[in-house]
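Open the structure in your viewer and keep the selection panel at hand. The stops below go from one selection to the next.

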Amino acid sequence: MKQFLIRRILQMIPTLIGVSIILFSVFSMVPGNFIDSNQTISAERAAELKHIHGLDKPATERYFIWASNALKGDFGYSFQHKVDVTTVIDRYIWNSVLIAAFSMIFTWIIAIFIGVFSAVKKYSLYDGIITFIVFGLMSLPSFFLGLLAIKFIAVDMGWAPVGGMYTTGSSATGFAKVFDLLEHMILPVTVLTALGVGGLTRYFRTSMLDIINQDYIRTARAKGVKESTVIFKHALRNALIPAITLLGFELPALFSGAMITEKIFNWPGIGRVYLDALNYRDYFLLMGYLMFLSFLTVLGNLLADTLYGLVDPRVRLK
Amino acid sequence: MSNNLIEFRNLRTNFYTGSGVVKAVNDVSFSIREGETLCVVGESGCGKSVTAMSLMRLVATPGKIVGGEILYKGEDLLKLKEREMRYLRGNEIAMIFQDPMSSLNPVLTIGHQIAEPLRIHKKLSKQEAKKKSIELIELVGIPRAAKIYDSYPHELSGGMRQRIMIAIALSCDPKLLIADEPTTALDVTIQAQILDLMRDIKKEFNTAIMMITHDLGVVAEMADHVVVMYAGKVIEEAPVHELFNNPKHPYTQGLLKAKPVISNRQDRLYTIPGQVPNPVELGENCYFNDRCEHCMEICVQKQPDLNIYDNKHKAACWLYEKEGK
């Protein structure tokens, strides 16, 4: 097990180096930069600024400067925010994690239950209705679903605030502040959950259908095991194994932010910041953020592979 | 005949498929006496397994039991509530399946899977169930039982897994053990061991066995009584010696002729001509008529009944009726 972990961690290094090269080349091939997009400064000043920031050097040299600084934990300076990239990411990413974590928990719980029941009651009316709703929600674009949610939940019903993270001008502290935050989370979390539940539900339904027809489920029934135990102990445990791969992908998803949803609900998350950074050509912020996500993706994969061993005795390393 | 343990009376189980209704079990009646081994033989798709699954009331959709009675100790199983039926499953009527490789749950330990019926039906505590499980593993002839208790199915060979299936089936001392082709997926030496084990168990616990097979060698070795099925119907039923010595139905005769005989060199084994009929398009005739060398006019017009002849020998064939003579 220890050997496996060490080997896998060492394998992460060339992967990440490859990712950094691709990232850097793509961004250095795009014409223009933050200084070019600023129309208010003179050509001399622009050249001076480019020299200060090293933008006049050849791309390969710039890559090594950037990469060696990144290794030390310095991902450069955000032109747009006028602070270090790491500071910007740290400032906004936790807001994104907050809604992503809540919606992820809801998505998985709802998807497991709906998926299991529509597999057990295959082709029934319940299965049909659920499939219809879930596909509908999955197919709607997030901006449309977001607007629908604002119209019905926030405006017509008044159950939740329209957007933002805290009530403007509020000086509440302690519990009141937490409650205010939770209220503002209702809409973005609902929309993200509605968007995510569809695919996962189908996944669990298929996985569960596959397991329910296995011989060992028949064996369990023939032993006189209660149907609920058959489903939730004998079948679900097996059905969840392939889902672990998905769980590995959820790690980067947790931190990546939801660009459009955050924009619609005016949520100060990293997704929205990323979208703005694209418009401003704030390359260091973009590269730092994408590098961070790549690292999480690779780590998520490692985590998934390790979890497999814990859940499935057949791949457990002795 | 008063000590009938199980009595099938005109059982009908249909499968409602896209291409039509398949009468998988079509008016089947026979009984199993206490402590008796009854073999059900027939080729694939003749309704042997569905008969057994109907007895357990575990016929999977789109299958449905549409008629008849299954009496267990005089009580109709088909009228029991699901909860009462569940109490019988694994407790008084236990079942082992064809493929031991896929019949055990891969993520649960062997011990857990043996202990489960003990905890459900006998209400044993965790320690008692563990003790009894280890005894059962020893009973079915697996050494190092305590270590096996904590193993997972993938760590065991096919023969060992089938022994574990038998241990699970025996855990609550069932009155009837249904064995659905228990040796088909095993190699020949392991087959012999498993059959020996089942015979020992029958002797020791006086368990009745309903053995489903298409291997006439297994029948000769195990059975007291034989039921031959064809296309969802019982076509012949007799004590084992009577059946082997004096088969009545042309299908049974064909099956016995198709069996290789040691010391009798043959270039080619006998095969029954033709194919099993499509189960969707069965009419009111003898289902074997197009493959039968004795086929008469009446065979394509009317279905023969299962009638008793000498020596408790039942057969459904016009050859033995006055209409056919």
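Start by selecting chain A and chain B together: the area buried between them is about 2100 Å², with carbon and sulfur atoms giving 59% of that area. Buried area here is the accessible area (1.4 Å probe) that two parts lose on being put together, summed over both. The model is a predicted one, in which local features need pLDDT of at least 70 and side-chain atom pairs count only at pLDDT 80 or more, while totals for chains, interfaces and linings use all residues. Residues are numbered from 1 along each chain as its sequence is written, chains are lettered from A and ligands numbered from 1 in the order in which they are written, and side-chain values use heavy atoms, with hydrogens and water left out.

**Between chain A and chain B**

Show the residues in contact (heavy atoms within 4.5 Å). Chain A puts 22 residues against 28 residues of chain B. Between the two chains there are 2 salt bridges, a salt bridge being a side-chain nitrogen of Lys or Arg within 4 Å of a carboxyl oxygen of Asp or Glu. Now colour helix 8 (215-222) and helix 9 (227-240) of chain A, each of which supplies at least two residues of the side that touches chain B. Helices are DSSP runs (H or I, at least four residues), and strands likewise (E, at least two), numbered from the N terminus. By class, the chain A side that touches chain B has 6 nonpolar, 5 polar and 11 charged residues. In this scheme Ala, Val, Leu, Ile, Met, Phe, Trp, Tyr, Cys and Pro count as nonpolar, Asp, Glu, Lys and Arg as charged, and the others, Gly among them, as polar.

**Within chain A**

Next, select residues 18-74 of chain A as domain 1 and residues 94-315 as domain 2; these bounds come from an automatic or database domain assignment. The domain centres, taken over C-alpha atoms, are 37 Å apart. Their contact takes 12 residues from domain 1 of chain A and 9 residues from domain 2 of chain A. About 1100 Å² is buried between these two domains, 80% of it from carbon and sulfur atoms. Which residues of domain 1 of chain A lose the most area to domain 2 of chain A? Select A:Phe27, A:Phe34 and A:Trp66, which together make up 49% of what the domain 1 side buries. Between the two domains the salt bridge count is 0. Helix 1 (residues 2-29) of chain A gives the largest share of the domain 1 side that touches domain 2, 5 residues. That side has 8 nonpolar, 4 polar and no charged residues.

A:Asp305 lies in helix 13 (residues 283-311) of chain A and A:Arg8 in helix 1, so the pair ties together parts that are 297 residues apart in sequence.

**Annotated spans**

UniProt, in an unreviewed entry, annotates "transmembrane region" on residues 12-30, 92-117, 129-154, 185-204, 239-260 and 283-311 of chain A. UniProt positions follow the numbering used here, feature names are shortened, and annotations may be inferred rather than shown by experiment. Residues 12-30 of chain A are 95% helix and 0% strand, with end C-alpha atoms 28 Å apart. Finish on chain B, where UniProt lists residues 6-256 as "domain: ABC transporter" (unreviewed entry); this span is 39% helix and 28% strand.
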